[in-house]
Amino acid sequence: LKGIMKNFILIFALIINANFIFSQAISYRYIKPKKGHGQDLRKGLENKTKKYNSKESDPRIYTFAIRASQRGSMSGVLRMSYGETLGKLSSGGSGQPGMMEYWMENVDKYIESNSPSEIFTLRKSATHNDALGTEKPFRRVFHYIIKPGQWDKFWKVRDNLPKAIEESGVDFDVNAFQSFAGGPRGHVRIVVFGKDMKSFEPGSGDWQKIRSAYEKIYGEDSWDIDWELSRNSQREWGNSVELLEFMPELSSPLLDK
């Protein structure tokens with residue numbers, strides 16, 4: 001009986017912890033236009049979004065231009081559905097009358113190919129300012145594949161990072177997502193926000209300030225030790241970095257911070 005109760009308490013604690021760490025969800029796919037129809041595709045997406053994704057009750061969809069990626073075509077776009085919870089994440093047309101017919105007549109005919117959709121949940125503990133917006137339209141996205149049983153090692157430094165960013169006073173925004181379905185097992189998506197390309201230049205001094213704050217909070221040499229743990233937890237294959245730019249004209253109205 002004690003063993004059963006112990007297991008029940010453990011499971012209950014894990015459920016509570018999971019609900020605390022994860023809330024917001026996204027689903028995205030890469031869309032490649034037919035040759036010579038890039039503008040036609042974007043116009044179709046713009047009109048579709050205004051018609052079916054602009055009211056408060058509509059499914060939220062955000063669009064990004066692909067500036068550099070191993071995953072999506074440079075002529076294509078990334079379309080991302082957003083839900084405040086996993087249960088509120090839209091699936092397909094979400095039953096909107098006429099949406100599918102509109103899509104086929106005005107958008108689908110310009111599409112060369114789609115990637116499979118992948119669903120992610122936000123890891124709140126590793127996120128510092130998860131707002132969508134035009135203030136920082138660029139996104140530098142790091143994709144990692146984590147080894148089985150290495151999750152704690154990967155997330156240690158990233159779960160500690162938001163507190164260090166706050167302590168440093170640096171203007172630094174980062175989102176962290178874990179794959180829920182549709183992608184490789186252990187897929188993690190880390191998103192760093194930038195105002196422009198200059199935002200990503202090395203030597204700005206921001207990371208040194210964050211590092212100093214990190215070691216002030218977590219101890220001397222903790223920065224190097226924890227990042228080494230994170231690096232060793234990653235598989236040697238499947239990791240990549242891409243650059244995206246937010247396209248507000250092809251997106252739902254922005255959410256409040």
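## Confidence along the chain

In this predicted model, confidence differs among the elements of the protein chain. Helix α1, residues 2-21, has the lowest mean pLDDT of them, at 38. Helix α6, residues 222-232, has the highest, at 98. Over residues 1-22 the pLDDT is below 50. Beyond near neighbours in sequence, that stretch has nine contacts in the model. Where pLDDT is low, the predicted coordinates should not be read in detail.

The protein chain as a whole has a mean pLDDT of 88. A pLDDT of 70 or more is reached by 86% of its residues.

## The chain as a whole

The secondary structure of the protein chain consists of six helices and nine strands. There are 257 residues, and 45% of them are buried. The accessible surface is about 14200 Å². Carbon and sulfur atoms hold 53% of that surface.

Strand β7 covers residues 174-181. Four bridges join β7 to strand β5, residues 118-123. These two strands run antiparallel. Within the pair, T121 stands opposite Q178 of β7.

Strand β7 also pairs with strand β8, residues 187-194. Five bridges join β7 and β8, and this pair is antiparallel too. V174 has V192 in β8 as its bridge partner. β7 and β8 form a hairpin with five residues between the strands. In this hairpin, G182 takes a positive phi near 95°.

## K136, a buried lysine

K136 is found in the loop between β5 and β6, the latter spanning 138-145. Is K136 buried or exposed? K136 is buried, with a relative accessible area of 8%.

Two polar contacts involve the side chain of K136. One joins it to the side chain of D171, at 3.0 Å. The other joins it to the side chain of D173, at 2.9 Å.

## I66 in strand β2

I66 lies in strand β2, which covers residues 60-68. The relative accessible area of I66 is 1%, so this residue counts as buried.

What surrounds I66? Apart from residues up to four places away in sequence, I66 touches Y30, G72, S73, M74, G76, V77, L78, L243 and L244. V77 is eleven residues from I66 along the chain. The C-alpha atoms of I66 and V77 are separated by 5.7 Å.

## Two helices with a buried side

Helix α3 covers residues 99-106, and M99, Y102 and W103 are buried there. These residues cover an arc of only 100° around the axis, which puts them on the same side of α3.

Helix α6 has S222, W223, D226, W227 and S230 as its buried residues. Seen down the axis of α6, they fall within an arc of 120°, so they line one face of the helix. What do they pack against? The buried residues of α6 pack against α4, residues 151-168, and against α5.

## The loops on either side of α6

D221 is found in the loop between α5, residues 206-218, and α6. Phi of D221 is near 70°, a positive value in a residue other than glycine. Most residues other than glycine have a negative phi. D221 is partly exposed, with a relative accessible area of 40%.

Q234 is found in the loop between α6 and β9, the latter spanning 240-246. Q234 is buried, with a relative accessible area of 13%. Not counting residues up to four places away in sequence, Q234 touches Y144, I145, I146, K147, F154 and N239.

Terms used:
Residues numbered from 1 in each chain as written. Predicted model: local features only at pLDDT ≥ 70, side-chain atom pairs only at ≥ 80, totals over all residues. Heavy atoms only, no water. Pairing = 2+ DSSP bridges. Buried < 20%, exposed > 50% of the residue type's maximum accessible area, 1.4 Å probe, protein only. Arc of directions from axis to C-beta. Areas by Shrake-Rupley, 256 points an atom, 1.4 Å probe, with all protein chains shown as cover. Polar contact = N/O pair within 3.5 Å; in protein donor to acceptor, adjacent residues only side chain to side chain. pLDDT = per-residue confidence, 0-100. Contact = heavy atoms within 4.5 Å.
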